[in-house]
Amino acid sequence: MSAVIAEHDEHHDHGPAKGILRWITTTNHKDIGTMYLVFSLIMFFVGGSMALIIRAELFEPGMQFVEPQFFNSMTTMHALVMVFGAVMPAFVGLANWMIPLMIGAPDMALPRMNNMSFWMLVAGILLMASTLFMEGGGPAAGWTFYPPLVLQTGKALPFAIFAVHLLGISSIMGAINIIATIFNMRAPGMDMMKMPLFVWTWLITAFLLIAVMPVFAGAVTMLLTDRFFDTSFFDAAGGGDPVLYQHIFWFFGHPEVYIMILPTFGVASTIIPVFARKPLFGYTSMVWATGFIAFLSFIVWAHHMFTVGMPIAGELYFMYATMLIAIPTGVKIFNWTATMWKGAMTFETPMLFSIAFVVLFTLGGFTGLMMAVAPSDLQYHDTYFIVAHFHYTLVPASVFILMAAGYFWLPKWTGNMYNERIGRLHFWLSAISINILFFPQHFLGLAGMPRRIPDYAVQFADWNMISSIGAFIYGFSQLLFVYIVIDTIRGGTGKATDEVWEDASKHGLEWTLPSPTPYHTFTTPPAKIPTEHL
Amino acid sequence: MSTNDTYYVPHKAVWPFIGTAGLMMMLAGFANYLNGSAIGPTMMIFGLSLFILMLTGWFALQASESESGMYNHSVGISYRMGMMWFIFSEVMFFAAFFGALWYTRNLSVPWLGGIGDGPARATKDLLWPAFEAAWPTNGPAEVGGEFEPMGAFGLPLLNTLILLTSGVTVTWAHHGLLAKKRDQLIKGLIATVALGFLFVGLQAFEYYEAYHEMGLTLGSGIYGSTFFMLTGFHGFHVCVGAIMLSVILFRSWKGHFTPENHFGFEGVAWYWHFVDVVWLGLFIFVYLL
């Protein structure tokens with residue numbers, strides 16, 4: 001018992017452990033948030049390098065640099081690394097850093113589990129990455145792991161499946177922690193309908209994660225037993241059905257894409273009011289729209305499978321249900337626009353990225369509506385049109401907003417201002433190159449170029465070359481962000497004020513704290529809750 | 001005590017990292033084993049040992065912290081929420097397998113048999129014109145050979161009664177805990193643990209019969225797949241639940257838990273009721289219908 005009391009006394013020791021052990025054993029939400037963010041930035045470059053291998057191969061028709069099998073494993077691994085290694089962990093990192101600060105809590109509700117969910121993520125990604133060095137190469141059947149093709153994977157298959165299990169466990173633990181924190185750790189006076197939208201969107205995202213990650217785990221478990229233990233889940237000869245896999249996968253997969261976009265909405269709803277110097281327009285409708293989008297995400301999954309051979313009633317149902325998503329999403333776009341309307345706007349880097357998000361995400365949303373129409377989707381399915389669509393909803397949306405979040409909160413985290421001029425250069429290079437990269441892919445898709453191929457017919461050559469040029473400009477200009485982060489940590493352009501942005505302390509609790517934020521914050525709850533965002 | 005008005009935030013946890021390393025080692029070992037690599041089993045055993053070490057160390061730490069009064073009401077709420085949402089995630093895991101059963105029974109097997117107006121109708125004519133849709137089935141290729149499906153009455157019905165009874169005994173033990181009747185608490189838990197392991201034993205016997213008398217294996221087409229994966233994962237959860245109950249029994253015997261502070265008991269009891277409910281679903285959809 002004395003050991004326990006000794007450890008409890010440590011509670012009053014307000015510094016982190018020394019050396020590498022600090023990071024291995026930490027339970028501090030800021031340390032864990034930092035680890036998530038740094039890890040996801042590294043993975044962003046790993047996944048990005050894979051994308052550049054893909055774009056280099058597609059620069060010209062014909063086979064240039066890589067073998068087709070390796071090309072396929074690049075498209076597969078690029079998606080897995082970006083989804084599970086970069087975008088999701090980056091948002092979990094933001095959640096770790098910001099949710100306790102935004103709701104006035106001393107830490108996350110379950111700090112030890114918080115540590116474990118980070119290391120499970122690292123373990124999962126390590127297992128996944130190790131497959132690239134195995135006999136038969138990494139998984140190459142696409143990130144969706146469709147059978148029967150995926151069952152032909154070499155030695156990589158069980159490793160990839162167990163990596164998915166680890167990543168799932170990591171996400172579920174992270175999500176449970178976020179829900180318990182939001183429900184149980186709010187400061188007095190921080191009612192649910194006073195929470196910043198970032199907290200709301202993460203709460204709803206966490207529900208999605210807990211509901212669908214186990215379903216994905218179940219689906220890949222069935223792949224494992226089909227391959228190694230003689231089951232027939234996805235084999236018609238034994239009475240199973242490969243289409244069954246697609247249903248289970250997309251029951252997970254569709255909420256999964258909203259897991260990446262809902263926190264994006266939350267960050268945008270946090271940044272835009274600060275730089276428009278106005279309260280967020282339509283707070284309540286934002287909350288309801290988020291909930292409605294989350295609900296719809298569970299009942300639209302088969303719009304990913306319009307060409308697979310479903311009964312016509314199924315095609316119609318999934319078509320109409322999918323179109324409904326445009327309504328709450330439209331509410332959100334309207335609210336962001338109305339927030340900016342007649343605002344005293346300034347255009348610092350976070351705001352620039354956020355405005356680009358509103359415009360370009362709308363574009364990505366519209367192409368989504370086009371593909372919701374089942375009869376026309378038969379034309380777009382598995383072409384570069386879908387590639388353009390989901391990259392518009394992920395890169396200029398999720399990734400841009402993650403960059404915006406970095407610029408927005410870096411001064412609060414480090415206590416130093418970042419270099420605004422290089423920040424804006426980073427923005428303009430990104431915003432222009434991303435359109436050079438992905439806009440031509442719409443034309444390629446409409447002209448009939450299939451996705452996931454290493455070579456193509458010559459009529460696609462011009463747009464592919466332009467797309468690849470955009471990819472390399474975009475990829476290398478992201479190095480500016482790394483430079484800015486390191487520069488800001490080392491002092492940047494000077495000390496940041498506590499509020500950082502003009503009147504920001506009216507918008508959120510985090511701006512009432514000192515910059516940089518102390519290692520422990522809100523050990524006693526805040527006296528006053530800001531309500532400007534309402 | 002000051003501990004009761006501040007939320008306890010632990011520092012310097014070593015177990016999460018050790019547990020992660022163990023689990024990763026175990027899974028990498030299993031993958032190696034499936035690939036036919038000789039190092040697989042060793043890695044699995046090493047990883048599993050590390051994982052068990054983590055479970056023991058972490059739970060011992062939690063128990064001693066709890067007993068020394070470091071968790072206030074608010075910490076207890078976080079733990080309860082954690083357990084609740086963990087169980088929800090387990091429900092969704094089983095939902096994937098129940099969904100697979102529903103889909104194959106009601107959609108894909110009838111389509112293979114040419115029923116309905118879906119585009120799947122051509123499958124019958126082109127692939128297996130002789131196949132007639134029925135349940136149970138091991139598919140048009142009769143994968144795994146002839147088998148006898150598992151009936152609902154007999155062992156499964158007995159197992160249903162056993163699990164339902166164990167749900168009652170664990171609640172009886174809970175009432176004993178609340179009323180500070182230590183005897184009732186211990187006896188109730190012993191009965192629950194015994195019924196839990198009895199269930200697992202009977203389930204193992206059922207599997208033995210299926211494999212050796214009925215020709216029913218994991219390889220018996222979609223029926224064998226769904227039957228063994230659903231009941232197998234459930235059986236695994238019963239094992240885990242019974243082990244957790246044994247720990248709770250040990251802690252009760254040591255005099256842990258008070259009527260106000262017994263999250264450990266409550267969490268495990270919830271888990272036990274959850275495996276109970278899953279079994280009812282299994283009994284209806286796998287055995288009975």
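The model is predicted: local features need pLDDT of at least 70, side-chain atom pairs count only at pLDDT 80 or more, and totals for chains, interfaces and linings use all residues. Residues are numbered from 1 along each chain as its sequence is written, chains are lettered from A and ligands numbered from 1 in the order in which they are written, and side-chain values use heavy atoms, with hydrogens and water left out.

**View 1. Overall build of chain B.** Chain B has eight helices and zero strands, where helices (H or I, at least four residues) and strands (E, at least two) are DSSP runs numbered from the N terminus. Read from the N terminus, the order of elements is α-α-α-α-α-α-α-α. The C-alpha trace of chain B spans about 75 × 45 × 40 Å along its principal axes. Of its 289 residues, 51% count as buried; buried means under 20% relative accessible area, exposed over 50%, and partly exposed in between (1.4 Å probe, protein chains only). Among contacts (heavy atoms within 4.5 Å) in chain B between residues at least 6 apart in sequence, 73% join residues at least 24 apart.

**View 2. The interface of chain B and chain A.** The size of an interface is often given as the accessible area lost when the parts come together. Here chain B and chain A bury about 6100 Å² between them, with 75% of it on carbon and sulfur atoms. Buried area is the accessible area (1.4 Å probe) that two parts lose on being put together, summed over both. On the side of chain B, His11(B), Lys12(B) and Trp85(B) lose the most area to chain A, together 11% of what that side buries. The contact involves 69 residues of chain B and 70 residues of chain A.

**View 3. Polar contacts and elements at the interface.** Twelve residue pairs, both at pLDDT 80 or more, are in polar contact between chain B and chain A. A polar contact is a pair of N or O atoms within 3.5 Å; within protein, one must be able to donate a hydrogen and the other to accept it, and residues adjacent in sequence count only if both atoms are side-chain atoms. Helix 1 (15-34), helix 2 (40-67), helix 3 (73-112) and helix 7 (221-253) of chain B each give two or more residues to the side that touches chain A. Helix 3 of chain B supplies the largest share of that side, 21 residues. By class, the side of chain B that touches chain A has 44 nonpolar, 22 polar and three charged residues. In this scheme Ala, Val, Leu, Ile, Met, Phe, Trp, Tyr, Cys and Pro count as nonpolar, Asp, Glu, Lys and Arg as charged, and the others, Gly among them, as polar.

**View 4. The salt bridge between the chains.** The structure holds eleven salt bridges over all chains. One pair crosses between chains, from Glu65(B) in helix 2 of chain B to Arg112(A) in helix 5 of chain A. A salt bridge is a side-chain nitrogen of Lys or Arg within 4 Å of a carboxyl oxygen of Asp or Glu. The closest N and O atoms of Glu65(B) and Arg112(A) are 2.6 Å apart. Both Glu65(B) and Arg112(A) are buried. The rule finds one salt bridge across the interface of chain B and chain A.

**View 5. A salt bridge within chain B.** Arg80(B) and Glu266(B) meet through their side chains in a salt bridge (2.9 Å, N to O). The pair links distant parts of the chain, 186 residues apart: Arg80(B) lies in helix 3 and Glu266(B) in helix 8 (residues 263-288) of chain B. Arg80(B) is partly exposed, with a relative accessible area of 21%, whereas Glu266(B) is buried at 16%.

**View 6. Surroundings of Thr169(B).** Thr169(B) sits in helix 5 (residues 155-178) of chain B. Its relative accessible area is 14%, so Thr169(B) counts as buried. Apart from neighbours within four places in sequence, Thr169(B) is in contact with Gly188(B), Ala191(B), Thr192(B) and Leu195(B).

**View 7. Backbone features of chain A.** The peptide bond from Pro147(A) to Pro148(A) is cis, with omega near 0°; Pro148(A) is in the loop between helix 5 (111-130) and helix 6 (156-184) of chain A. Asp503(A), which is not a glycine, has a positive phi of about 60°, and Asp503(A) is in a salt bridge with Lys506(A), the closest N and O atoms being 3.7 Å apart.
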